[in-house]
Amino acid sequence: MSEYFKTHQETLTAACDALRKRDFWSAYPESPSPRVYGETAKDDGEAAFKDLLGKTFSIEGHPGTGTVGKEVSPYGLALDIKYPSATVDELILASKAAGKAWGKATIEARVGVCLEILHRINRHSFEMANAVMHTTGQAFMMAFQAGGPHAQDRGLEAVAYAFDEMTKTPGSATWTKPQGKHDPIVMEKSFRVIPRGIALTIGCATFPTWNGYPGIFGSLATGNTVIVKPHPMAILPLALTIKIGREVLAEAGFDPNVLLLAADEPGAEKTKDLVTNADINIIDFTGSNAFGKWVRDNAPENTQVYTEEAGVNSIVVSSTDNFKGMCSNIGFSLSLYSGQMCTAPQAIWVPREGIETDQGHKSFEQVAEGIKISVDKLLGDPARAAGICGAIVNPATLERVKQSEGLGEVVRPSTGIEGLEEARTATPMILKVDAAHSEAHLEERFGPISFVVAVDDTQDGIERAANAAKTKGAITAGIYATDESVLDRAADAFADAGVGLSCNLTGSVFVNQNAAFSDYHVSGANPAGNACLTDSAFVANRFRITAVRRHKAA
């Protein structure tokens with residue numbers, strides 16, 4: 001049994017147990033407290049990050065001779081990091097060679113390596129937080145949590161699912177078939193997990209580790225080699241991951257080319273050449289619907305494709321017994337990372353005649369104004385606004401905000417954040433539209449853009465929101481209602497649309513947060529993606545089982 005497997009077996013057992021219980025469990029603490037990670041961990045992590053700036057990122061033994069890299073921090077910091085550059089052919093050749101021994105390794109050996117990689121990545125959480133912050137624009141706390149421990153939990157979740165699926169079949173069995181008066185037929189059978197081959201993970205610009213780790217570790221655990229193609233503006237977090245992973249692979253006696261980096265630059269991406277390569281057997285993609293469709297349409301016929309794309313996330317407002325809490329919760333959800341989350345709400349459906357609340361009847365206009373006031377209060381302090389909103393990862397998002405101003409009546413204009421003048425920033429824009437006269441809210445508009453949408457009544461809102469999920473895709477949905485029958489109707493409608501539903505959130509849990517080991521991120525049941533992070537289906541098709549049978553010796 002792998003030494004790494006024995007070292008981390010208790011963690012794996014707890015993770016597998018958590019998958020079945022779906023209660024809160026985490027292997028990697030989300031608090032950046034010195035009591036958890038060490039008194040000097042924060043400073044050491046920042047120093048390690050700064051030491052990478054302006055240099056060539058060294059990955060020992062990685063194929064390729066050139067370098068690439070044009071990352072620019074959304075906060076204005078010059079990164080100027082260069083990464084090893086290999087051609088697609090070089091990557092495929094190295095991956096094939098490394099896969100021979102990796103695919104034949106025991107389940108325990110592979111899973112043990114994955115667990116050790118995650119363990120070591122966790123020890124680099126502060127360095128990773130800086131890398132995530134200065135490539136994605138996330139504020140430091142989100143970068144630490146979502147880019148670090150939460151992402152590590154998602155990776156572990158995939159490993160646990162993979163281990164559970166692979167070990168459902170025994171390694172060997174004695175098969176005995178009775179033959180009446182004659183001696184039974186007895187055969188010895190052995191079963192072997194075989195990988196599909198080479199897996200490609202296509203990273204995104206906003207959550208490179210959180211979205212990337214499930215596919216990377218799900219493929220590694222099931223015996224596939226992995227080529228990671230980061231977004232050209234968010235290479236560093238995944239480059240750090242690969243460097244750590246290769247070190248563990250080498251120490252375990254495997255070819256480190258089991259894990260490879262396909263770094264590139266804007267305008268010279270390797271993505272399409274990798275996707276269409278006949279030697280790529282698995283693809284994990286996170287990104288836009290348009291490119292997700294291209295990936296599905298152009299991947300080789302026998303390539304297994306897993307996508308997380310985008311959609312129109314909705315909140316239906318029917319009634320509430322905590323108007324202030326509702327508005328505050330929605331306001332925070334709109335503000336967090338400036339709406340640059342695939343789970344962020346975009347359409348807030350409110351009856352034209354208003355709603356009943358603990359503060360009495362509130363008109364449609366008063367609901368919209370209540371949400372606007374909550375955002376204003378939340379972001380009134382510039383330091384707090386910076387810590388919640390972060391920076392805008394892509395200049396195109398700022399342009400999208402400007403272009404959206406004429407799509408409805410502006411309830412709250414988007415503004416920059418005081419004190420972050422060198423960064424790209426934008427606070428939430430809130431627009432009012434009427435569902436009878438507008439469809440602007442039905443197109444996904446990535447970034448801090450949301451619509452308060454007037455509808456006939458609650459049922460109309462539920463039906464429109466659910467239909468938007470069915471036709472446009474959705475990853476999250478929420479509802480506020482004091483009537484249990486309304487909640488039940490909404491649960492049925494959104495389940496039919498393939499979306500998880502959050503009900504009456506007024507505290508510190510928000511519609512755009514999904515917890516590893518408990519929440520299913522994306523269902524695979526609507527156009528927002530064809531896969532779930534993470535469930536059994538996400539890992540089970542990354543391997544096959546072959547058998548050897550022979551008569552038992554007398």
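Which exposed residues does the face of H18 turned away from its buried side carry?

## Basis of the report

This is a predicted model, in which local features need pLDDT of at least 70 and side-chain atom pairs count only at pLDDT 80 or more, while totals for chains, interfaces and linings use all residues. Residues are numbered from 1 along each chain as its sequence is written, and side-chain values use heavy atoms, with hydrogens and water left out.

Helix H18 covers residues 484–496, where helices (H or I, at least four residues) and strands (E, at least two) are DSSP runs numbered from the N terminus. With its 13 residues, H18 reaches 18 Å from its first C-alpha to its last, which is close to the 18 Å expected at 1.5 Å a residue; the expected span is 1.5 Å times one less than the number of residues.

The residues Val-486, Leu-487, Ala-490, Ala-493 and Phe-494 of H18 are buried. Because they cover an arc of only 130° around the axis, they lie on the same side of H18, the arc being that of the directions from the helix axis to the C-beta atoms. The face turned away from this buried side carries the exposed residues Glu-484, Asp-492, Ala-495 and Asp-496. Here buried means under 20% relative accessible area, exposed means over 50%, and partly exposed lies in between (1.4 Å probe, protein chains only).

The buried residues of H18 pack against strand S10 (314–317), helix H17 (458–472), strand S17 (476–480) and S18. H18 is followed by Gly-498, whose phi is positive, near 75°.

## The loop between S18 and H19

Gly-529 is found in the loop between strand S18 (500–503) and helix H19 (536–540), and it counts as buried because its relative accessibility is 5%. Leaving aside neighbours within four places in sequence, Gly-529 is in contact with Thr-307, Glu-308, Glu-309, Val-522 and Gly-524, contact meaning heavy atoms within 4.5 Å.

Val-522 lies in the loop between S18 and H19, and its phi is near 70°, a positive value in a residue other than glycine. At 5% relative accessibility, Val-522 counts as buried. Thr-534 also has its place in the loop between S18 and H19, and a cis peptide bond, with omega about 5°, joins Leu-533 and Thr-534.

## Tyr-337

Tyr-337 lies in the loop between helix H13 (323–335) and strand S11 (347–351). The phi of Tyr-337 is near 50°, a positive value in a residue other than glycine, and at 0% relative accessibility Tyr-337 counts as buried.
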